[in-house]
Amino acid sequence: MTTGDAIVVPPLYTGYPGVAFGGYVAGVLAEHTGAGTVRVDFRGPVPPGVPVRMAGTADGGAELGERERPLATARPAELLLDAPAAPGWDESSAAAEAVRAAPPSGLVDCFGCGMDRTPERGLRLHCGPVPGRALVAAGWVPSPALAGPDGLLPPELVWGALDCPGNWAGRMLGTQRAGAVTASLTGSLLRPVRTGEPYVSYAWLLSESGRKHTMGVAVATADGELCALAEALWLDPRPAG
């Protein structure tokens, strides 16, 4: 929610403990810019439950946090990314169920992918490898409890669905380590996402270099029509010492 020139991230929307969920933050900033495609760069953890300054920038973007040291910035961008065909609903749901049965280590109570979140308190994007495809996927149904007045999933939560799948792809398809964080998210919302209906979120590995892992992420209807698309950069935690 916004208060004057500040944003307060509700405590429900957390990623790591005491840190606002990056996908939600990205979505709020993207909506503030009004651009069709937006790149959001994260520079520090955004605290939930307290007012944080948000302001427009001269380049048509937005920033969150103090002007001298913003926590996140957004600006209009281009997204040159071709998404592979979405996996089917049955195989995406099976991939998610397999991960729930044997979850990897290092998971936290994240709004996007926390294992203990109910549908009313999270997106439950538990992506698992799809057999025969170089991608991870999850079949999911956004709860009507998360809907706006129009019955749609709010844009900032659609951005949330473009966040966590990149983490799962980095860990399951690449060399990304537990504890990695979203460094940037460049996304575009293509069509509304309606609560109570089935969707597939999926992600694939684009490149890796040292601590940097770049993934493509998409949200599609159960019939395979793209709803949202993003390129995500994740950073491994710095080595101890």
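**Cysteines, strands, pocket and rings**

Biologist: Is Cys227 buried or exposed?

Modeller: Cys227 is buried, at a relative accessible area of 0%. Buried means under 20% relative accessible area, exposed over 50% and partly exposed in between, with a 1.4 Å probe and protein chains only.

Biologist: Before we go on, what am I looking at?

Modeller: This is a predicted model, so local features need pLDDT of at least 70 and side-chain atom pairs count only at pLDDT 80 or more, while totals for chains, interfaces and linings use all residues. Residues are numbered from 1 along each chain as its sequence is written, and side-chain values use heavy atoms, with hydrogens and water left out.

Biologist: Switching to strands: how much of β11 is buried?

Modeller: Nine of the 10 residues of β11 (residues 212-221) are buried, so the rest of the structure largely encloses this strand. Strands here are DSSP runs of E with at least two residues, helices are runs of H or I with at least four, and both are numbered from the N terminus.

Biologist: Which strands does β11 pair with?

Modeller: β10 (residues 199-209) runs antiparallel to β11 with 10 bridges, and β12 (residues 226-235) is antiparallel to β11 with nine. Two strands pair if DSSP finds at least two bridges between them. As examples, Trp204 is bridged to Gly216 of β11, and Met215 to Ala232 of β12.

Biologist: What happens at the turns?

Modeller: The β10 and β11 hairpin has two residues between the strands, and Gly210 there takes a positive phi near 60°. Four residues separate β11 and β12 in their hairpin, where Gly224 in the turn has a positive phi of about 95°.

Biologist: Now pockets. What is the volume of the largest pocket?

Modeller: About 520 Å³. A pocket is an open set of points on a 1 Å grid over the protein atoms alone, with protein on both sides within 12 Å along at least five of seven lines, and lining residues have an atom within 4 Å of a point.

Biologist: Which residues sit closest to its centre?

Modeller: Of the 27 lining residues, Tyr16, Val19, Ala180, Val181 and Thr182 are closest to the centre of the largest pocket. Among the elements, α4 gives the most to that lining, with three residues.

Biologist: Last topic: how many aromatic pairs are there?

Modeller: Five. Rings of Phe, Tyr and Trp (its six-membered ring) pair if their centres lie within 6.5 Å; planes under 30 degrees apart count as stacked, over 60 as edge-to-face and the rest as tilted. Tyr13 and Phe111 are edge-to-face, 4.8 Å centre to centre with 90° between the planes. Both Tyr13 and Phe111 are buried.

Notes. 1 Å grid on protein atoms, 1.4 Å probe; cavity = no way out; pocket = protein on both sides within 12 Å on 5 of 7 lines; lining within 4 Å. Points joined across faces, edges and corners; volume = space filled by probe spheres on them.
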